[in-house]
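Have a look at the coordinates first, then we'll go through the main points.

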Amino acid sequence: MKEEKDKDKKCQLDQRYLRMAHIWAENSYCRRRKVGALVVKEKTIISDGYNGTPSGFENVCEDADGLTKSYVLHAEANAITKLARSTNSGEGATLYVTASPCIECAKLIIQAGICRVVYGEKYRLDDGIRLLRRAGVETELLEALQSEPTHADNNCEEKQ
C-alpha cells in the first residue's frame, strides 16, 4: 500500500514538473517548435532552459525559408549549460523536457550525470532515447495534463 502511494506521489510530481516545462517552453522565440526543460534534484529545480539562440544573438530561430538556424540551442542544452555555470551538479538529477531528446542532447545528458529523463512527446527520431537507455539513463514518456490531475485522470502508466 505504501509503495503504491509513493509511486502515485512520484507520478503526480512528474506531471507537475512536466507541465512546468511546457509553461517554460512558452518563453521560446522559435516559431516551428517550442521546447522547455527543467533539471530537478531532490524536489528542487536546479536549472531550466528553452530552445533559442545563444546569448547576445537576436531572438530569431528560423531563417527566411522557415528552417531552424544551425546555431539554435535545444532546451536541454540550454538547461545543462546553465547548470554547468552554476554551483549545482546534475549528478543523479531528473530532466523534464517537453519533447524527447535528440542524440546530441542525449550525449550532454549522459555527461551531466542526469539519471532520469521524463518527456512529454516523442521526437521524430528516437536515437537520443536509444542512446540514453544504452547508457543506463531511465527514460519515461509521460504526457502532461493541462490541469491539476485527479485520481480519475491519473496518466502515470509508463509509455514507450
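A residue counts as buried when its relative accessible area is under 20%. Keep in mind that this is a predicted model. By that cut-off, cysteine 30 and cysteine 61 are both buried, and these two cysteines form a disulfide.

**The disulfide**
- Searching the whole structure turns up 1 disulfide.
- The sulfur atoms of cysteine 30 and cysteine 61 sit 2.3 Å apart.
- The link between cysteine 30 and cysteine 61 is left-handed, with -70° about the S-S bond.
- Cysteine 30 is in the loop between helix H1 (2–25) and strand S1 (36–41), while cysteine 61 is in the loop between strand S2 (44–50) and helix H2 (75–84), so the pair ties together parts that are 31 residues apart in sequence.

**Other cysteines**
- Cysteine 102 is buried, at 13% relative accessible area.
- Cysteine 115 counts as partly exposed, with 36% relative accessibility.

**Helix H3**
- Helix H3 covers residues 103–112, and its buried residues are Cys105, Ala106, Ile109 and Ala112.
- These residues span an arc of only 125° around the axis, so they end up on the same side of H3.
- The buried residues of H3 pack against H2, strand S3 (94–97), strand S4 (116–119) and helix H4 (127–134).
- Glycine 113 follows H3 and has a positive phi, near 85°.

Notes:
Residues numbered from 1 in each chain as written. Predicted model: local features only at pLDDT ≥ 70, side-chain atom pairs only at ≥ 80, totals over all residues. Heavy atoms only, no water. Disulfide = S-S within 2.5 Å. Helix = DSSP H or I, 4+ residues; strand = E, 2+ residues; numbered from the N terminus. Buried < 20%, exposed > 50% of the residue type's maximum accessible area, 1.4 Å probe, protein only. Arc of directions from axis to C-beta. Contact = heavy atoms within 4.5 Å.
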